[in-house]
Amino acid sequence: MPSSATAPQRVRSRFRAKARQFDDLYEDERPLVRLLRPGLYRRRELAIDTVRSYQSPAVLDVGCGSGRIGELALEAGASRYVGIDFSEPMIELARARLERFGDRVELVTENFLAASLDGPFDVVLALGLFDYLPDANRFARRMLELCSHGGSMVGSFPAWSLVKGPIRKVRYEWIGDCPIFNYERGALEGLLLDVGFARVEIFAPGRSGYLVRAHRR
Ligand SMILES: C[S@@+](CC[C@H](N)C(=O)[O-])C[C@H]1O[C@@H](n2cnc3c(N)ncnc32)[C@H](O)[C@@H]1O
């Protein structure tokens with residue numbers, strides 16, 4: 001039974017409780033783990049390739065978690081990195097990890113939709129975020145507003161799969177009291193075009209989700 005808390009409150013509780021456990025997923029680079037979790041690695045590759053395609057870009061990372069991708073984005077040449085996450089323990093992990101980059105980094109502990117952020121950004125990252133959003137349109141629209149004229153958004157979007165779908169449902173919603181959402185290719189493309197992205201590239205690296213790069217123009 002879901003609790004009476006709102007969806008964002010339930011997501012926040014989960015990532016307050018599981019920050020360290022989530023961060024540890026990245027430590028395990030064994031081939032078997034990579035095979036079982038291809039999405040985690042592929043989304044990271046698309047994000048970094050996109051950062052590298054700009055010269056010294058400003059990067060916004062929505063739901064930045066423990067700063068794992070932020071670290072790679074900064075190493076790949078981001079001149080400015082703003083990470084926002086409403087889980088304090090995640091932001092603390094990110095702060096420790098990104099300290100060495102000094103004033104290129106700004107970390108914000110807030111709900112993305114409520115935050116006032118000083119854009120624009122050449123790259124907006126939304127990795128492992130849309131899984132938990134009941135109002136994906138509002139998030140996508142705000143991301144577009146924060147994109148620079150030639151900017152792009154890179155996001156990951158889970159899809160229902162016969163194997164992983166039921167497992168995720170039980171694990172997150174029934175046991176973990178955390179809402180999760182799935183996307184279908186056509187609706188996803190429509191959503192991003194409707195909010196105003198001019199061009200949408202959709203990659204389907206596995207059966208359990210989509211990677212998207214959406215361009216402002
Ligand atoms: C699965 S983690 C992904 C972290 C990171 N992007 C990565 O790929 O390693 C999702 C993160 O999104 C954050 N989050 C979810 N909804 C959010 C919201 N509305 N505002 C800010 N952060 C949010 C959670 O706290 C969590 O840390």
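This is a predicted model: local features need pLDDT of at least 70, side-chain atom pairs count only at pLDDT 80 or more; totals for chains, interfaces and linings use all residues.
Residues are numbered from 1 along each chain as its sequence is written, and side-chain values use heavy atoms, without hydrogens and water.

**Ligand.** I looked up the residues around the ligand (a heavy atom within 4 Å) and found 21, of which Tyr26, Arg43, Gly63, Asp85 and Leu127 come nearest. For polar contacts (pairs of N or O atoms within 3.5 Å), I noted a ligand oxygen 2.5 Å from a side-chain N or O atom of Tyr26, and a ligand oxygen 3.0 Å from one of Arg43. A ligand nitrogen lies 2.7 Å from a polar backbone atom of Gly63. The protein buries 98% of the 600 Å² that the ligand exposes when taken alone (Shrake-Rupley method, 1.4 Å probe).

**Helix H6.** In H6, residues 88-98 (a DSSP run of H or I, at least four residues), I found Met90, Ile91, Leu93, Ala94, Arg97 and Leu98 buried (under 20% relative accessible area, 1.4 Å probe, protein chains only). They lie on the same side of H6, because they cover an arc of only 160° around the axis (directions from the helix axis to the C-beta atoms).

**Glu173.** I placed Glu173 in helix H8, residues 164-175, and it counts as buried because its relative accessibility is 18%. A polar atom of the Glu173 side chain lies 2.9 Å from the backbone nitrogen of Ile180.

Terms used. Helices (H or I, at least four residues) and strands (E, at least two) are DSSP runs, numbered from the N terminus. Buried means under 20% relative accessible area, exposed over 50%, partly exposed in between (1.4 Å probe, protein chains only). A polar contact is a pair of N or O atoms within 3.5 Å; within protein, one must be able to donate a hydrogen and the other to accept it, and residues adjacent in sequence count only if both atoms are side-chain atoms.
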